[in-house]
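Thanks for sending this one over.

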Amino acid sequence: MDFIESLDPQILLGATVAFVVIVAAAYLFTSKKAKGSLDAENFKDFKLVKRTQLSHNVAKFRFELPTSTSVLGLPIGQHISCRGKDSQGEDIIKPYTPTTLDSDVGYFELVIKMYPQGRMSHHFREMRVEDHLAVKGPKGRFKYQPGQVRAFGMLAGGSGITPMFQVARAILENPKDKTKVHLIYANVTYEDILLKEELDGLTSNYPDRFKIYYVLNQPPEVWDGGVGFVSKEMIQAQLPAPTHDIQILRCGPPPMNKAMAAHLEALGYAPEMQFQF
């Protein structure tokens, strides 16, 4: 106390002001970081800075965030609404799930499969670097906290892999999260498999926590995965058994979702154990 009382009042005042400024700056920084770059009510434009063609009808689009340290601010397992123009010039809005997380700062990425007759597919097919995409969000009902279940079983078809990949990545890259992930991923042909390199990377990096089983309708001659449609037997063999501490996530074309719901019910998975994106 004697030391403090002996200090010049101006020095004390200056130190106090400096401390308040530092605390306020830290608060503003963390608040801004937590807020993210999205607006749930209004569309915001994000500039396309890189487009990578992955196959004849699939491309990865990288969009720039406001600053190099900005985050998108999308909760795990939720999606964004994207607005574009179809081939007739009419507005179209469709949901997409980024494959990036908030650990990827300064940008977000979408992996898009472009269908010949798809209205939003036309917009992405026409997009070039420097063009802007109107985005609104976050959207979605899925909520996740690390450790809320012992294991996830995932059933994905086609582009339905994107929310599964996002959730799996968030779980596996969190060193405090010990949740296991078991994924069945169905497609027509080998070439239709999206994010295969990234998915196989998760298998290599987290062999004890991440398992994937590929299923193809039209497999190549040499193939060690599943063949045909996803069956009850495949689900029994590859996904965690129905218990109170697991959850099954589903995302695929409507016919697949309907078939998987029937399989899961027949195998004893209660409605509260399931979530459909």
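Here are my points, one topic at a time.

1. Ground rules. This is a predicted model, so local features need pLDDT of at least 70 and side-chain atom pairs count only at pLDDT 80 or more, while totals for chains, interfaces and linings use all residues. Residues are numbered from 1 along each chain as its sequence is written, and side-chain values use heavy atoms, with hydrogens and water left out.

2. Overall make-up. The protein chain comes to seven helices and twelve strands; helices (H or I, at least four residues) and strands (E, at least two) are DSSP runs, numbered from the N terminus. Of its 277 residues, 44% are buried, where buried means under 20% relative accessible area, exposed means over 50%, and partly exposed is in between (1.4 Å probe, protein chains only). Among contacts (heavy atoms within 4.5 Å) with a separation of 6 or more, 72% are between residues 24 or more positions apart.

3. Sheet order. There is an open sheet of six strands, ordered S10-S9-S8-S7-S11-S12, with parallel pairing. Its edges are S10 (226–227) and S12 (274–276), each of which pairs on one side only. Pairing here needs at least two DSSP bridges between the strands. S8 and S9 (residues 210–216) pair in the parallel sense over seven bridges, and alanine 186 has valine 215 in S9 as its bridge partner.

4. Strand S11. What surrounds it on either side in the sheet? S7 pairs with S11 in the parallel sense over six bridges, and three bridges join S11 to S12, also parallel. On the S11 side of these pairs, leucine 249 stands opposite methionine 154, and isoleucine 248 stands opposite glutamine 274 in S12. Six of the six residues of S11 are buried, so the strand is largely enclosed by the rest of the structure. Both faces are covered: Ile246, Ile248 and Arg250 are buried on one side, and Gln247, Leu249 and Cys251 on the other.

5. Helices on the sheet. Helix H4 (residues 161–172) lies across S7, S8, S9 and S11 and runs at about 155° to S7. Helix H7 (residues 254–266) also packs on the sheet, touching S7, S8, S11 and S12, and makes about 155° with the direction of S11. For reference, axes are lines fitted to C-alpha atoms, for helices over the stretch in contact, and angles run from 0 to 180 degrees between N-to-C directions.

6. H4 against H5. Their axes come within 11 Å and cross at roughly 30°. The crossing is left-handed, that is, the near helix is turned anticlockwise from the far one by less than a right angle; clockwise would be right-handed. On the H4 side Ile161, Phe165, Ala168, Arg169 and Leu172 meet Glu198, Leu199 and Leu202 in H5.

7. Salt bridges, the count. How many salt bridges does the structure hold? The structure holds eleven, taking a salt bridge as a side-chain nitrogen of Lys or Arg within 4 Å of a carboxyl oxygen of Asp or Glu.

8. Glutamate 64 and lysine 47. The closest N and O atoms of this salt bridge are 3.9 Å apart. Glutamate 64 lies in S2 (residues 58–64) and lysine 47 in S1 (residues 44–55), so the pair ties together parts 17 residues apart in sequence. Both ends are partly exposed, glutamate 64 at 38% relative accessible area and lysine 47 at 23%.

9. Aspartate 192 and lysine 113. Their side chains meet in a salt bridge at 3.4 Å, N to O. Aspartate 192 is in the loop between S8 (180–187) and H5 (196–205) and lysine 113 is in S5 (residues 107–113), so this pair ties together parts 79 residues apart in sequence. Aspartate 192 and lysine 113 are both buried.

10. Arginine 150 and aspartate 245. This salt bridge comes in at 3.0 Å, N to O. Arginine 150 sits in the loop between S6 (132–139) and S7 (151–157), and aspartate 245 in the loop between H6 (232–238) and S11 (246–251), 95 residues apart. Arginine 150 is partly exposed at 44% relative accessibility, and aspartate 245 is partly exposed at 22%. Elsewhere, salt bridges that share partners join Lys47, Glu64 and Glu130 into one network.
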